Amino acid sequence: QVQLVESGGGLVQAGGSLRLSCAASGSIFSINLMRWYRQAPGKERDLVAHITSDGSAYHADSVKGRFTISRDGAKNTVYLQMNSLKPEDTAVYYCNAVVAQVVGRYSMYWGQGTQVTVSS
């Protein structure tokens, strides 16, 4: 099995910064795509950013220029640096990874989520 454990959430004032981490562990052959999603109360879970195994990154328009996704392949860890936070960034942030436990067979895994609250 594979586990994803997020950390780094918390309460911050508008304009502040947080850095989220998500570490994958377990029986891992390789990790293809790693993503961050977020879900605000009463809303759908939305993609925030993703990064491929070769480091190509995508950021949603709502966070472009403020958030940066990165990964450490050796540690099977993905990060989300969040700057200039706004109250509308308040949500539970979830890590997601596409993992191969054997060659050519990929499965998707989710972390448990970490709360980010931005006060005005």
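A polar contact here is a pair of N or O atoms within 3.5 Å, and within protein one must be able to donate a hydrogen and the other to accept it. Keep that cut-off in mind. The model is predicted.

Let's start with Asp89. The side chains of Asp89 and Arg38 are joined by a polar contact of 2.9 Å. That value falls under the definition, as 3.5 Å is the limit. Where does Asp89 sit? Its place is the loop between strand 8, residues 77–82, and strand 9, residues 91–102. Is Asp89 buried or exposed? Buried, because its relative accessible area is 1% and the cut-off for buried is under 20%. Which residues does Asp89 touch, beyond its neighbours within four places in sequence? Arg38, Arg66, Phe67, Ser84, Val116 and Val118.

Ser84 has a positive phi of about 50 degrees, although it is not a glycine. Most residues other than glycine have a negative phi. At 41% relative accessibility, Ser84 is partly exposed.

Asn76 has a positive phi of about 50 degrees and is not a glycine. Asn76 belongs to the loop between strand 7 and strand 8. With a relative accessible area of 25%, Asn76 counts as partly exposed.

Four strands make an open sheet in the order 1-3-8-7, paired antiparallel. Which strands stand at the edges? Strand 1 and strand 7. Each has a single partner strand, so one side of each is left without a neighbour in the sheet. From one strand to the next, the twist averages 15 degrees. Look at the pairing of strand 7 with strand 8. Those two run antiparallel and are joined by six bridges. Take Thr68 as an example: its bridge partner in strand 8 is Gln81.

On to the core. In soluble globular proteins, nonpolar side chains tend to be buried together. In this model the largest nonpolar core has 29 residues. Trp36, Val48, Phe67, Val78, Leu80, Met82 and Tyr93 have the most contacts inside that core. Which strands supply at least two residues each? Strand 1 (2–7), strand 3 (18–26), strand 4 (30–39), strand 5 (45–51), strand 7 (67–72), strand 8, strand 9 and strand 11 (114–119). Strand 9 gives the most, with five residues.

Zoom in on Leu80. Residues up to four places away in sequence are not counted here. Leu80 touches Leu18, Arg19 and Leu20, among others. Its contacts also include Trp36, Val48 and Ala49. Then come Phe67, Thr68, Ile69 and Tyr93.

Last item, the disulfide. How many are there? The count comes to one. Cys22 and Cys95 form it, with their sulfur atoms 2.1 Å apart. The pair links distant parts of the chain: Cys22 in strand 3 and Cys95 in strand 9 are 73 residues apart. What is the hand of the disulfide? The torsion about the S-S bond is about -80 degrees, so the disulfide is left-handed. Cys22 is buried, at 0% relative accessibility. Cys95 is buried at 0% as well.

Terms used: Residues are numbered from 1 along each chain as its sequence is written. This is a predicted model: local features need pLDDT of at least 70, side-chain atom pairs count only at pLDDT 80 or more; totals for chains, interfaces and linings use all residues. Side-chain values use heavy atoms; hydrogens and water are left out. Buried means under 20% relative accessible area, exposed over 50%, partly exposed in between (1.4 Å probe, protein chains only). Contact means heavy atoms within 4.5 Å. A nonpolar core is a set of buried Ala, Val, Leu, Ile, Met, Phe, Trp, Tyr and Cys residues joined through side-chain atoms within 4.5 Å. A disulfide is a pair of cysteine sulfur atoms within 2.5 Å. Two strands pair if DSSP finds at least two bridges between them. Axes are lines fitted to C-alpha atoms, for helices over the stretch in contact, and angles run from 0 to 180 degrees between N-to-C directions.
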